[in-house]
Amino acid sequence: MPITIKSKREIELMTEAGRILANVHSELGKALKPGMSTLDIDRLGEELIRSYGCIPSFLNYNGYPASICVSVNEEVVHGIPRADRIIKEGDIVSLDAGVIYKGYQSDAARTHAIGEISKEAKELIRVTRESFFEGIKYAKAGNHLFDISKAIGNYAESRGYGVVRDLCGHGIGMNLHESPEIPNYEQGRKGVMLKEGMTLAIEPMINIGTWEVEWMDDEWTVKSKDRSLSAHYENTVLITDGDPKILSMIGE
C-alpha cells in the first residue's frame, strides 16, 4: 500500500479526530481507580467515543472484541477487557484507543499509574513517554522515517530498557493501519523520506526487562517474555513543513 499524503480537508478531519481522542484519553485517565474491571474501562471508553459522534476504531477490527485495549503490568498491548480482571493499587494500565470521525482515524495510547506505584514503574512510564518525544524530534519533512526509529530505540536502550521489536507503529488515515510500518529501534537503513502531509501513529512499547514478547492463547494479548512491566505511549502525528503536529494530544 502506498503512503498517502493527506489533503488540507483530510488533515482537518484527522485533527478533529485527534482532538476527540485526546479528550477520551483524558476522561478515561481521570476515571481509573482500584476496583474497576478492565471491562468497566472498555465500556466507559466506548461510551465516551460514541458521545462525540465517533466510532471506536478497534471494535471488531480483525476480530478484536472491544473498543479499548486495556493492558495491565506485564501486558504490552492488546489486552482484552474482562469482567474478572480487576485493577488494583500499584498496577500500571496501558490504554490504547482509536476513533473514527467522518471516515478518518486517530490512534493513541497512554500508560497510567493506579494509585501509588513503584519507583521503577514510574521511571518506565516516564522513559516510554520521553522516547516518543525523542523520536518526533526527527519527524520533519526531508528527514527519513528510520531517523525516528533510531532516536526512540537509542533513548530507551541507553537507559537499560528493552524496546519491543515484534510490534511497531504505522501510517494512519482513512484506514487504522496504513503504510509505512514504524519500528521503535535502529534499522541500519534510512527508510522513506518524510513528506509534508504524511500522518503517522508513532508508538514506543518499552519493557523493564527483555525486548522479547509472547502472544497469549487468546491470540491478542501480548506480554513481555520475562513478565517484566511494560509501558506504551502513542500519538497520531502530522508531518508538516516545520515541526510535527501531534494531533492526539491536548495540554498534556
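Two residues are in contact when heavy atoms lie within 4.5 Å. By this rule, H25 touches L95, A97, A108, A109 and R110, leaving out residues up to four places away in sequence. The structure is a predicted model, in which local features need pLDDT of at least 70, side-chain atom pairs count only at pLDDT 80 or more, and totals for chains, interfaces and linings use all residues. Residues are numbered from 1 along each chain as its sequence is written, and side-chain values use heavy atoms, with hydrogens and water left out.

The protein has 4 helices and 15 strands. These are DSSP runs, numbered from the N terminus: helices are H or I with at least four residues, strands are E with at least two. The C-alpha atoms fill a box of roughly 45 × 40 × 35 Å along the principal axes. Among contacts between residues at least 6 apart in sequence, 70% join residues at least 24 apart.

Of the 252 residues, 53% count as buried. Buried means under 20% relative accessible area, exposed over 50%, and partly exposed in between (1.4 Å probe, protein chains only). H25 lies in helix α1, residues 8-31. It counts as buried because its relative accessibility is 4%.

In soluble globular proteins, nonpolar side chains tend to be buried together. A nonpolar core is a set of buried Ala, Val, Leu, Ile, Met, Phe, Trp, Tyr and Cys residues joined through side-chain atoms within 4.5 Å. The largest such core has 34 residues, and L28, I41, I68, I87, V93 and L95 have the most contacts inside it. Two or more residues each come from α1, α2 (38-51), β2 (68-72), β4 (92-101) and β5 (104-113). Helix α1 gives the largest share, 7 residues. A second, separate core of 16 residues includes F132, L200, Y233 and V237.

Some backbone details also stand out. A cis peptide bond joins S179 and P180, with omega about 5°. P180 is found in strand β8, residues 178-182. N62 is not a glycine, yet has a positive phi of about 50°. N62 sits in the loop between β1 (55-56) and β2, and is exposed, with a relative accessible area of 64%. N73 also has a positive phi, near 60°. N73 lies in the loop between β2 and β3 (75-77), but counts as buried at 15% relative accessibility.
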